[in-house]
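Work through the exercises below with the sequence and the structure open. Each task is followed by a solution in steps.

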Amino acid sequence: MLNKKVKSIELDISNKRVFCLSDIHGEYKVLDNLLQKNNFDKTNDLLFILGDLTRKGTYPLKTLRYLMDIKNENIYILMGNCDEADIFDVMLDDFEKFMYAVNTKTIVRDLLKEIYHDIPEITQTNFKEYQNVLLNTKEMNFLKELPHVIVTEKYIFSHAKMPNIIDLNNDTYIDYIRGRNFYDKGHSNPQIAIVGHMPSTIFSKNCYNNQIYYEDNMIFVDGGMCIYHSGQINLLIIENNKIVKEDSSDNLEERVCLTSQLGQPYAKGTCWPNYEITVLEIGKYFSKCKVNATNELCLIKNEMICKDSNTTLDDCPGMMINVNKGDVVKLIKTLSGYSLVKKNGIVGWINNSYLGGTDEI
């Protein structure tokens with residue numbers, strides 16, 4: 001079993017340039033692109049990765065090995081709840097959890113396919129044998145040794161949250177890697193908390209926005225990579241203890257707007273966990289709706305409204321986005337009449353013809 005005591009790192013970053021990001025979720029190519037375009041120098045710069053290295057994305061094992069390959073004394077990788085889950089998959093005597101990992105996008109699945117050239121026939125009586133093989137791999141040993149929090153004079157970095165007042169001698173690692181109510185409760189530490197785990201889109205107020213979110217003495221850097229169709233990896237660059245730059249990267253296709261579209265006043269639409277709506281007026285492509293939890297009025301794409309209940313099928317941004325002719329946007333999905341696009345992290349709808357498409361698909 002994992003030692004529950006928190007593993008902490010205390011650093012002086014006052015004369016350093018720090019690259020901080022979180023929640024890669026198996027997309028090492030997106031990560032590598034983001035670091036390269038910002039000229040990350042692993043000899044002189046520091047890199048803080050705040051957990052959730054794999055799961056959900058395209059390349060769980062390749063991503064972990066990419067990180068293991070670039071790791072040096074300037075690269076600090078923290079444990080996230082998904083990384084803990086990878087470990088528990090091969091440590092706990094739980095057949096159902098193990099099989100869930102075997103059948104989804106995890107390093108467990110990738111390692112088994114590599115070792116046995118395919119997924120072996122795993123049963124309730126033999127699964128411990130496969131767990132033991134995986135438990136002794138260098139990848140699992142790497143994950144088990146990950147620290148949980150970085151403490152500096154001005155900032156505290158962790159995956160999900162931290163205690164109201166940190167106590168590194170008595171805190172457990174659970175105090176830092178799991179939890180959904182940190183945004184609501186906050187903390188009383190003198191430093192600014194920088195965390196991932198909960199996509200920043202959840203907190204944005206007036207629009208569906210994947211960019212880094214700031215709230216009092218907290219900064220949320222998770223851009224929802226592999227959680228949302230519009231997800232991205234966000235990067236925060238700190239130099240001499242000051243935030244100097246934000247950037248992001250994703251794996252979406254770029255498209256050029258052929259004409260301008262005047263957007264509407266910002267409306268977020270539905271976003272986890274607020275999917276319940278009241279339909280006010282049904283139109284050809286969109287329905288005017290009220291989001292019940294927030295009383296926000298917005299446009300919801302008709303295909304995204306459940307036919308048998310007043311909810312949306314998934315997150316559904318609720319506004320027409322403002323674009324100018326020649327703008328480059330990221331294409332998320334194309335539906336009848338309109339496409340969902342992202343511009344500078346903000347997500348909304350644009351007429352298909354403005355991207356060179358047709359009204360119907």
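**Exercise 1: The pockets**

By class, ten nonpolar, five polar and eight charged residues make up the lining of the largest pocket. Here Ala, Val, Leu, Ile, Met, Phe, Trp, Tyr, Cys and Pro count as nonpolar, Asp, Glu, Lys and Arg as charged, and the others, Gly among them, as polar. The model is predicted: local features need pLDDT of at least 70, side-chain atom pairs count only at pLDDT 80 or more, and totals for chains, interfaces and linings use all residues. Residues are numbered from 1 along each chain as its sequence is written, and side-chain values use heavy atoms, with hydrogens and water left out.

Task: State the volume of the largest pocket, find which residues lie nearest its centre, and do likewise for the second largest pocket.

Solution. 

Step 1. On a 1 Å grid over the protein atoms alone, a pocket is an open set of points with protein on both sides within 12 Å along at least five of seven lines, whereas a cavity is a set of points where a 1.4 Å probe fits but cannot get out; lining residues have an atom within 4 Å of a point. Grid points are joined across faces, edges and corners, and a volume is the space filled by probe spheres set on the points.

Step 2. The largest pocket has a volume of about 490 Å³. Its lining has 23 residues, and Lys56, Asn81, Cys82, Arg180 and Ile227 lie nearest the centre. Helix H3 (residues 81–89) gives the largest share of this lining, three residues. Helices (H or I, at least four residues) and strands (E, at least two) are DSSP runs, numbered from the N terminus.

Step 3. The second largest pocket holds about 390 Å³ of space. Of its 17 lining residues, Ile202, Phe203, Lys268, Pro273 and Asn274 lie nearest the centre. The classes in this lining are eight nonpolar, four polar and five charged residues.

Step 4. Look again at Pro273: a cis peptide bond joins Trp272 and Pro273, with omega about 0°. Pro273 sits in the loop between strand S13 (253–256) and S14.

**Exercise 2: The sheets**

Task: Give the strand order of the six-strand sheet and of the five-strand sheet, and name the edge strands of each.

Solution. 

Step 1. Two strands pair if DSSP finds at least two bridges between them.

Step 2. The six-strand sheet is open and mixed in pairing, with the order S1-S5-S6-S7-S10-S9. Strand S1 (8–10) and strand S9 (213–215) are at its edges with a single partner strand each, so one side of each has no neighbour in the sheet. Within this sheet, S5 (residues 149–151) and S6 (residues 155–158) run antiparallel and are joined by three bridges. Val151 has Ile156 in S6 as its bridge partner.

Step 3. The five-strand sheet is also open, with mixed pairing and the order S4-S3-S2-S11-S12. Its edge strands, S4 (75–77) and S12 (242–249), each pair on one side only. S2 (residues 17–21) and S3 (residues 46–49) run parallel, joined by four bridges; Val18 has Leu46 in S3 as its bridge partner.

Step 4. For a separate pair, take S14 (residues 277–282) and S15 (residues 286–291), which are antiparallel over five bridges. A hairpin of three residues connects S14 to S15, and Thr278 stands opposite Lys290 in S15.

**Exercise 3: Helix packing**

Task: At what angle do H5 and H6 pack, and at roughly what angle do H2 and H5 cross?

Solution. 

Step 1. Axes are lines fitted to C-alpha atoms, for helices over the stretch in contact, and angles run from 0 to 180 degrees between N-to-C directions. Contact means heavy atoms within 4.5 Å.

Step 2. H5 (residues 107–116) and H6 (residues 127–135) pack at about 95°, with axes 11 Å apart. H5 and H6 are therefore roughly perpendicular; angles under 35 degrees count as roughly parallel, over 145 as roughly antiparallel, 65 to 115 as roughly perpendicular and the rest as oblique. Val108, Leu111, Leu112, Ile115 and Tyr116 of H5 meet Tyr130, Val133 and Leu134 of H6. This contact of H5 with H6 has eight nonpolar, no polar and no charged residues.

Step 3. The axes of H2 (residues 60–70) and H5 come within 7 Å and cross at roughly 95°. Pro60, Leu61, Leu64 and Arg65 of H2 make the contact with Ile107, Asp110, Leu111 and Glu114 of H5. By class, the contact of H2 with H5 has five nonpolar, no polar and three charged residues.
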